Amino acid sequence: MYDPKPEHKFSFGLWTVGNIGRDPFGEPTRTQKSPVEIVHMLAEVGAWGVNFHDNDLVPINATASERDQIVRDFKQALDDTGLVVPMATTNLFSDPVFRDGAFTSNDARVRAYALQKTMNAIDLGVELGATTYVFWGGREGTETDAGKDPLAAGKWFREALNFLTGYVKDQQYDLRFALEPKPNEPRGDIYLPTVGAALAFIETLDDSEMVGVNPEVAHEHMAGLNFTHHVAQAMDAGKLFHIDLNDQAFGRYDQDFRFGSVNLKSAFFLVKLLEDNGYDNPRHFDAHAYRSSDYEDVKAFARGNMRTYLILKEKAQQFNADAEIQALLAEITQTDGTVDGFGGGFSAEKAAALQAHSFDRTAIAQRGQPYERLDQLVVELLLGVR
Ligand code: DIG
Ligand code: MN
Ligand code: MN
C-alpha cells in the first residue's frame, strides 16, 4: 500500500544513507559504505534515484585512472539496480581551501578554483544523467562582516553562476540549476538564507530561466519560517526545480531528521501542496539516520521517509474527499457576489465604481471563520479517527 515505486521519484544522496554518524562531538558510529554498496542499499529499500556531491563519488585526491574506475563501477551499479541519477552537486564546503567560502571567498584563486571544481563536477553529473544541479553555498557566508563586503560577495556569487550557466549553454547540457538556501551553519550567517532571498537573487542573473530553487524543510525551519508558504512562492514563480525533504525542530542546529518525524501537520500541508499541484520533480530526502542507528536501522530510516510521504499523500486525498471538510471550505470561501465586479484587474471604471461603493464594515466584520472546526478535522484525519 505504501511501498515506493519509480513514479514517486523518491531519491537519496549518497551522503544520506551513507552518513557514518560523525558529529561535532563524536566520532563515526558506522562503517563507511562504498558508493556501489549505497546504490544497492537504496535499491533494496525501493528508492528511484541517487544523488551525489562530486567527492562523495570521486575523492578529491583521486587520480584520473582511479576516477574512471570509480565511475565505471558506479555506472555498473546503476545498470544492475535500475537506479537513476536525477541530481548532482559540488562539495564546495569540506576542503580547507573553502574555509572562507568558495564563490564568495576573498581570495580570487579560491573563487577561480571553485569554478573549475564545479565545471568538472557538472561534467560528471551530466555524464551520469543528472538534469538538475544543486548549489548549496554552505561556506558562502561570514562570522564577522568586518572582512567581507556583502555587496561584493553578492556580485562574486552572481559572476560565478553567470559563468556556470554560460558553461552549461556552451556545452549544450540539458541541465537546470537549483539554489538551496540555508540561514546558517556551518558559517555564522550564510548568504541567500531563505527561499525568498534566493528567488530575488535569481532574477539578477544573466540566465535566470535556467535557475530555480531547491528548498529544504530543515533550513526554513531553522529560520523559524513556514516551509509550505515558501514552497508555494517557489511554485508560483515556476522555480520549484527540486526539493529537499526532511524534518527539523524549530530553533535547533540542522537536524536533517527523517521526513515527518517532528512536525507531522506541516509535513501534511507540504505533501498536500505538492500533490494537489502535480509536482513532478524529484522528491529528495536530504536526511540521515540517528547517530545511534546501525545499518538495519538506516534502512528503516530510508523506508520511513518514503512511507510517511505516501501515507500523507493518501491523507491529502482523504482531505479532498472528506464531505465535512469540503463543506467547511465552501463556507469559508463563499461570497455574497456584491463585489464580484471589482475583480480581474484594474480599469478606471472599476476604480470609480469601487470608490463609490459603500461597505457596511461593521456587518462584514461580524463574519467569523470555522478554522478551529476545520483544523480539528485535519488533526483527527491525521490521527486516523476520520
Ligand atoms: C545540505 O542540506 C545540502 C548538501 O547536502 C547538498 O549540497 C544539498 C543537496 O541536497 N543539500
Ligand atoms: Mn540540512
Ligand atoms: Mn539539503
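Is Leu192 buried or exposed, and at what relative accessibility? At 18% relative accessibility, Leu192 counts as buried, because buried means under 20% relative accessible area. This briefing concerns a predicted model, in which the protein chain is divided into domain 1 (6-321) and domain 2 (323-383). Two manganese ions, ligand 2 and ligand 3, stand 4.5 Å apart, and an open sheet of 8 strands is present.

**Domains**

- The C-alpha centres of domain 1 and domain 2 are separated by 39 Å.
- Contact between the domains involves 9 residues of domain 1 and 9 residues of domain 2.

**The manganese ion (ligand 3)**

- Glu180 (OE), Glu216 (OE), Asp244 (OD) and Asp286 (OD) coordinate the manganese ion (ligand 3) at 2.0 to 2.1 Å.
- Along the chain, the donors of this ion follow the spacing E-x35-E-x27-D-x41-D.
- The site of the manganese ion (ligand 3) is irregular, with angles of 74 to 174° among its 6 donor atoms.
- Glu216 belongs to the loop between strand 8 (211-213) and helix 8 (217-222), and Asp286 to the loop between strand 10 (283-285) and helix 11 (295-321), so the pair ties together parts that are 70 residues apart in sequence.
- Glu216 and Asp286 are both buried.

**The manganese ion (ligand 2)**

- Glu216 coordinates both the manganese ion (ligand 2) and the manganese ion (ligand 3).
- Because Glu216 lies in the loop between strand 8 and helix 8, and Asp256 in the loop between strand 9 and helix 10 (264-276), this pair ties together parts that are 40 residues apart in sequence.
- Both Glu216 and Asp256 are buried.

- The open sheet of 8 strands runs in the order 8-6-4-3-2-1-10-9, and its pairing is parallel.
- Strand 8 and strand 9 (243-245) stand at the edges with a single partner strand each, so one side of each is left without a neighbour in the sheet.
- On average, neighbouring strands of this sheet are turned by 30° against each other, direction ignored.
- Strand 4 (residues 132-136) pairs with strand 6 (residues 176-180) in the parallel sense over 5 bridges, and Val134 stands opposite Ala178 in strand 6.
- Helix 5 (residues 108-127) lies across strand 2 (49-53), strand 3 (87-89), strand 4 and strand 6, and runs at about 145° to strand 4.

- Strand 2 is mostly covered, with 5 of its 5 residues buried.
- Gly49, Asn51 and His53 point one way from strand 2, whereas Val50 and Phe52 point the other way.
- Strand 1 (residues 10-13) pairs with strand 2 in the parallel sense over 3 bridges, and Asn51 in strand 2 is the bridge partner of Gly13.
- Strand 2 also pairs with strand 3 in the parallel sense, over 2 bridges, and His53 stands opposite Thr89 in strand 3.

**Leu161 in helix 6**

- Leu161 lies in helix 6 (residues 150-170) and is buried, with a relative accessible area of 0%.
- Leaving aside neighbours within four places in sequence, Leu161 is in contact with Phe135, Phe177, Leu179, Phe201 and Leu205.
- Leu161 and Asn51 are 110 residues apart in sequence and, C-alpha to C-alpha, 21 Å apart in space.

**Backbone details**

- Most residues other than glycine have a negative phi, and most peptide bonds are trans.
- Leu192, found in the loop between strand 7 and helix 7 (195-202), has a positive phi of about 55° although it is not a glycine.
- Lys9, in the segment before strand 1, likewise has a positive phi, near 55°.
- Lys9 counts as partly exposed, at 22% relative accessibility.
- The peptide bond from Glu185 to Pro186 is cis, with omega near 15°, and Pro186 is found in the loop between strand 6 and strand 7 (189-190).

Conventions
Residues numbered from 1 in each chain as written. Chains lettered and ligands numbered in written order. Predicted model: local features only at pLDDT ≥ 70, side-chain atom pairs only at ≥ 80, totals over all residues. Heavy atoms only, no water. Donors = N, O, S within 2.8 Å, 3.2 Å for Na, K, Ca; no water. Tetrahedral: all angles 85-135°; square planar, octahedral: opposite > 155°, others 65-115°. Helix = DSSP H or I, 4+ residues; strand = E, 2+ residues; numbered from the N terminus. Buried < 20%, exposed > 50% of the residue type's maximum accessible area, 1.4 Å probe, protein only. Pairing = 2+ DSSP bridges. Axes fitted to C-alpha atoms, helices over the stretch in contact; angles between N-to-C directions. Contact = heavy atoms within 4.5 Å. Domains from an automatic or database assignment.
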